Amino acid sequence: MSVHSKYEAVIGLEVHAQLATVSKLFCGDSIAFGAPPNTHVSPITLGHPGTLPKTNRKAVEYAIKMGLACHCEIERDNYFARKNYFYPDLPKGYQISQHTTPICKGGHVTIKTTEGDRAIRLNRIHMEEDAGKSIHDIDDKYTCIDLNRAGTPLIEIVTEPDIHTAEEAWLYVTEIRKLVRWLGICDGNMEEGSLRCDANVSIRLKGETKLGTKAEVKNLNSIRNVKKAIEFEIQRMIDIVEAGGTIQQQTRSFDAGNDTTFAIRDKEEANDYRYFPDPDLAPFHLSETFINGIQAALPALPAQLSARYQEVYQLSEYDAGQLCDDKATADYFEATAQHCSNHKAIANWMLGPLRQVLNENGMGFETLSLLPATLASLIQLVDDGKLSFSVASSKILPTVMLTNASPLQTAESMNLLQVSDTNELDAWVQQALEKMPEKVTEYKKGKKGLIGLFVGEVKKLSKGKADPKLVTQLLEEKLK
């Protein structure tokens, strides 16, 4: 038994998702990314005395959307509290958050592991405002403060300590990012800070039930870093225990340069944030009508859609899962299916040639200019035997992606339609066989695999215009 296998990791994740509203949680300041420092600020963002915040209704709707998608219980009676602690980029000296009344309670997120589906339980999803940003590498002597981000609406998605490996954590954050993008409530861009993750990691001997001392790794800004940081922490803790040491409860950060974590500060057992209801914000009640309206407007979720594609369209689990990887891809498939009944071919084209072109250009299906009807027409030409798949994908597709012209007219103008005239095909077949008499002899002696070589030669002679099925038939007849 290896040292590592003696222990079990216990991991809880806190994922902060920046809500894709136009304005901040309690005022009308823009939350657009990339503006010059301290330009998206107002007296409310700056916490000036006498200013009054007002709750952003759209942010509340987005939080409920996520809660419903994660099977949470939606809290009907809500209020915001002041969480008091000092940060240099927190102008008011407190953060407005939810404490005793998170808007979403319980729930779960399902991940697909190598051992099957696992439901990761959620403790809660609550709303809060973001702090500003301290920048330490612009000036040698000073820390620079940018308050554009201060007041941006966030939801914090908090799991129970249900995760036991770095791989499961990676799968969970991947699923959260997919969900928030699918619902349209967050762009999921971890590099820009729209999605951030804190990981609480501890270890214990297998079979133990008591939780070990935890370390919290803050502000992980990529899914890869979540996995790497947790892997490092688990090994660091095991090494400490095996050496007879004691794990300290700490807040740590991740160094992406060498895939290690380092201590920021020792953490006390509890923090006294002196929560109390914000006196400037009225409590709010969520009516059944309001919640039911959001529920009715929810799109079909990826797992539901994947199951439907397998049942209705007879797609494989892999193809259905790939098509449901993001909503734009699924929407494009659905739109194309309105014009084409060969659903397997749609999946093949989307996950093959189309995805390759999009990946090469750093694009997604949401930016694809090729109309679904045009793709359907191209598929039909292949199904009808008028084009080979290779010609359609390599020569016709690049052209129609730019112009959305008729695939048939494009193929005609490029003289690429497959030839099915047996006289013309017969001439190419005869020419191919005459070029390779030795191979013909080998074929007749039983080396039947050479048929592909002959078909390829006819393809060259016809410049891709020969119908490969008819060519194969003609070759087999001539070679008897």
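## Burial

Buried means under 20% relative accessible area, exposed over 50%, and partly exposed in between (1.4 Å probe, protein chains only). Thr 374 is buried, because its relative accessible area is 8%. The residue sits in helix H9 (residues 372-383); helices (H or I, at least four residues) and strands (E, at least two) are DSSP runs, numbered from the N terminus. Beyond the residues up to four places away in sequence, Thr 374 touches Val 400, Asn 404, Ala 405 and Pro 407. Contact here means heavy atoms within 4.5 Å.

This is a predicted model, in which local features need pLDDT of at least 70 and side-chain atom pairs count only at pLDDT 80 or more, while totals for chains, interfaces and linings use all residues. Residues are numbered from 1 along each chain as its sequence is written, and side-chain values use heavy atoms, with hydrogens and water left out.

## Two further positions

Ser 194 lies in the loop between H2 and strand E12 (195-205). Ser 194 is buried, given its relative accessible area of 5%. Its contacts, leaving out residues up to four places away in sequence, are His 16, Ala 17, Gln 18, Cys 186, Asp 187, Gly 188 and Asn 189. Phe 33 is 161 residues from Ser 194 in sequence, yet their C-alpha atoms are 9.4 Å apart.

Gly 456 belongs to helix H14 (residues 451-461). Gly 456 is partly exposed, because its relative accessible area is 28%. Ala 432 is 24 residues away from Gly 456 along the chain, and 9.2 Å separates the two C-alpha atoms.

## Nonpolar cores

The largest nonpolar core holds 108 residues. Such a core is a set of buried Ala, Val, Leu, Ile, Met, Phe, Trp, Tyr and Cys residues joined through side-chain atoms within 4.5 Å. Leu 13, Met 66, Ile 155, Tyr 172, Ile 230, Tyr 309 and Leu 354 touch the most other members. Helix H2 (residues 166-183) supplies the largest share of this core, ten residues.

Leu 354 touches Tyr 332, Trp 349, Phe 365, Leu 368, Leu 370, Leu 375, Leu 397 and Met 401, with residues up to four places away in sequence not counted. A second core is separate and has 18 residues, among them Leu 425, Leu 433, Tyr 443 and Leu 474.

## H5 against H7

Helix H5 (residues 302-312) packs on helix H7 (residues 327-337) at an angle of about 30°, and their axes are 12 Å apart. H5 is therefore roughly parallel to H7; angles under 35 degrees count as roughly parallel, over 145 as roughly antiparallel, 65 to 115 as roughly perpendicular and the rest as oblique. The crossing of H5 past H7 is left-handed: the near helix is turned anticlockwise from the far one by less than a right angle, whereas clockwise would be right-handed.

From H5, Leu 305, Arg 308 and Tyr 309 make the contact. From H7 come Ala 330, Phe 333 and Glu 334. By class, this contact of H5 with H7 has four nonpolar residues, two charged and no polar.

## H8 against H10

Helix H8 (residues 343-360) and helix H10 (residues 389-403) pack at about 50°, with 11 Å between their axes. H8 is therefore oblique to H10. H8 passes H10 in a right-handed crossing.

Trp 349, Pro 353, Leu 354 and Val 357 of H8 meet Phe 389, Ala 392, Ser 393, Leu 397 and Met 401 of H10. This contact divides into eight nonpolar residues, one polar and no charged.

Definitions and conventions. Axes fitted to C-alpha atoms, helices over the stretch in contact; angles between N-to-C directions. Nonpolar A, V, L, I, M, F, W, Y, C, P; charged D, E, K, R; others polar.
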